[in-house]
Amino acid sequence: MIIRSQEDVTEAVLAEMQRTPDARTKELLSSLVRHLHAFVREVKLTEREFQDAIGYLNAIGQKTTPSHNEAMLMAGALGVSNLVCLINNGAGGTRPTQANNLGPFYRAGAPSCADGESLLRSPTPGPRLAFKGWVRDLAGNPVAGAEVDVWHSSPVGLYENQDPAQAEMNLRGKFVTQADGSFSFSSVKPAGYPVPIDGPTGALLGAQKRHNFRPAHLHFLIHKPGFKTIASQVYDPADPHLDSDSQFGVTQALIGNFTREKDGFSLEFGFVIEPGESRLPKPPITAKAKAIQ
Ligand SMILES: [Fe+2]
């Protein structure tokens with residue numbers, strides 16, 4: 001098609017896409033083109049802004065390494081991660097769910113742990129945390145034999161993959177739920193943390209005068225064949241950034257009830273999983289940061 005006007009460009013691209021054999025791919029790409037072109041028209045994108053946008057997209061890829069996922073971080077900062085989560089869980093977004101963003105720091109291959117085992121693999125100072133969780137189905141019955149991956153930041157707000165001072169897989173472990181659907185572990189209480197701001201996500205937050213903190217939380221990934229795999233996070237209500245999470249992950253259903261004990265804290269939390277596809281997500285990172293020489 002010879003382009004005669006700016007309107008023709010959209011028509012030309014959409015017409016070329018008509019040959020896409022897979023129906024869902026065709027739907028996704030043609031909707032993306034319609035919205036992208038509408039966006040360019042609505043804001044009257046300048047040539048300079050277009051060049052800057054291309055630079056940001058390239059920088060997202062360039063910033064991504066085996067121990068850091070900038071695209072995942074950006075998706076969270078734009079609220080897309082949690083939107084995708086909420087429309088795909090809780091009966092299509094019609095009721096509360098314990099599902100939440102996977103986040104950029106999940107690693108596969110965490111060590112298997114016996115019930116009650118500690119997540120500490122190197123000395124990690126900080127208040128102790130005793131956690132007990134339950135996994136139940138929609139009818140409230142215990143789900144035994146579910147695999148539960150757990151990971152969280154240290155009391156100084158760093159995941160082991162970001163922190164060469166922590167042992168490999170520190171504050172990470174994989175548990176299997178007991179006959180009553182429960183699992184438990186001991187650890188240290190995680191701190192809230194700033195997400196990295198040395199890439200395009202930092203530029204976005206800076207331009208909008210937004211802080212880059214996430215409220216303190218623990219991550220879970222619950223998997224059992226026959227049930228929809230869910231990632232979850234449980235948040236600390238005492239954190240000052242609870243209602244201004246820079247990744248928009250905090251929902252009412254995920255605020256934990258931390259109880260102060262004489263030597264630290266305890267936390268009990270229930271997860272509900274629903275029937276569905278038990279596919280595991282692709283880990284956003286695959287390695288730990290190397291020590292700075
Ligand atoms: Fe996190």
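Modeller: A polar contact is a pair of N or O atoms within 3.5 Å; within protein, one must be able to donate a hydrogen and the other to accept it, and residues adjacent in sequence count only if both atoms are side-chain atoms. The model is predicted: local features need pLDDT of at least 70 and side-chain atom pairs pLDDT 80 or more, while totals for chains, interfaces and linings use all residues. Residues are numbered from 1 along each chain as its sequence is written, and side-chain values use heavy atoms, without hydrogens or water.

The part in question is D236, whose side chain reaches the backbone nitrogen of A238 at 2.9 Å. D236 is found in the loop that joins β8 (230-235) to β9 (259-261); helices (H or I, at least four residues) and strands (E, at least two) are DSSP runs, numbered from the N terminus. D236 counts as buried because its relative accessibility is 5%, buried meaning under 20% relative accessible area, exposed over 50% and partly exposed in between (1.4 Å probe, protein chains only). With neighbours within four places in sequence left aside, K189, A216, L242 and F258 are in contact with D236, that is, they have heavy atoms within 4.5 Å.

S81, in helix α5 (residues 80-88), may be described in the same terms. A polar atom of the S81 side chain lies 3.2 Å from the backbone nitrogen of G76. S81 has 17% relative accessibility and therefore counts as buried. Beyond four places in sequence, S81 is in contact with M72, A75, G76 and N101.

Among contacts with a separation of 6 or more, 73% join residues 24 or more positions apart.

The axes of α4 (residues 70-77) and α7 (residues 200-207) come within 9 Å and cross at roughly 25 degrees; axes are lines fitted to C-alpha atoms over the stretch in contact, with angles from 0 to 180 degrees between N-to-C directions. These two helices are therefore roughly parallel, the word for angles under 35 degrees, as roughly antiparallel is for those over 145. E70, L73, M74 and A77 of α4 meet P200, T201, L204 and L205 of α7. Six of these residues are nonpolar, one is polar and one is charged.

The axes of α1 (residues 6-17) and α2 (residues 23-43) come within 10 Å, crossing at roughly 170 degrees, so α1 is roughly antiparallel to α2. Among the residues making this contact are V9, V13 and L14 of α1 and L29, V33 and H37 of α2.

Methods: Angles under 35 degrees count as roughly parallel, over 145 as roughly antiparallel, 65 to 115 as roughly perpendicular and the rest as oblique. Ala, Val, Leu, Ile, Met, Phe, Trp, Tyr, Cys and Pro count as nonpolar, Asp, Glu, Lys and Arg as charged, and the others, Gly among them, as polar.
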